[in-house]
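Please look over the sequence and the fold shown here before reading on.

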Amino acid sequence: MGGQIVNTEIAMKRLYVGGLSHSITQKDLMDRFGKFGEVEDVELRTKTDEEGLPYKTFGYVNINISDTNLKKCLTTLNKSKWKGGILKIEPAKESFLHRYWTFTSTLNTTSDGYF
């Protein structure tokens, strides 16, 4: 039989979700992404201007998801309209602090005391 092998292995993925309406809640994101996998955690962040007015809301979703469901999630939700925003979804980039820690931990300590 020439059937296609489908990767059903579940792995933790961290997704960046941009283009969110300022009224979105963590529960909204959990419900929305919960259709594709098991949502572990949601972080919402809102950037504000000098006057305290929100101008950008985005979030991170940590989800246990198979590669197949991840593709479905990205195909279904990326660039879709939702609650007044247009979603931008992509795998999250590693945080600066994590990259910095990894980088500095690989350096040898020098005699001049900088690292």
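A residue is called buried when its relative accessible area is under 20%, exposed when this area is over 50%, and partly exposed in between, with a 1.4 Å probe and protein chains only. The model is a predicted one, in which local features need pLDDT of at least 70 and side-chain atom pairs count only at pLDDT 80 or more, while totals for chains, interfaces and linings use all residues. Residues are numbered from 1 along each chain as its sequence is written, and side-chain values rest on heavy atoms, with hydrogens and water left out.

Helices (H or I, at least four residues) and strands (E, at least two) are DSSP runs numbered from the N terminus. In helix 1, the buried residues are D28, L29 and F33. Because these buried residues fall within an arc of 115° when seen down the helix axis, they line one face of helix 1; the arc is taken over the directions from the helix axis to the C-beta atoms. Their cover includes strand 1, strand 2, strand 3, helix 2, strand 4 (81-82) and strand 6.

Contact here means heavy atoms within 4.5 Å. Leaving aside residues up to four places away in sequence, F33 touches L15, V17, V39, V61, I63, C73, L77 and I89. A nonpolar core is a set of buried Ala, Val, Leu, Ile, Met, Phe, Trp, Tyr and Cys residues joined through side-chain atoms within 4.5 Å, and the largest one has 18 residues, with V17, L29 and F33 having the most contacts inside it.

Two strands pair if DSSP finds at least two bridges between them. Four strands form an open sheet in the order 2-3-1-6, with antiparallel pairing. Strand 2 (38-48) and strand 6 (88-91) are the edges, each with a single partner strand, so one side of each has no neighbour in the sheet. Strand 1 (residues 10-20) pairs with strand 6 over four bridges, and V17 has I89 of strand 6 as its bridge partner.

| Helix | Strands touched | Angle |
|---|---|---|
| Helix 1 (residues 26-33) | strand 1, strand 2, strand 3 (54-66), strand 6 | about 135° with strand 2 |

Methods: Axes fitted to C-alpha atoms, helices over the stretch in contact; angles between N-to-C directions.
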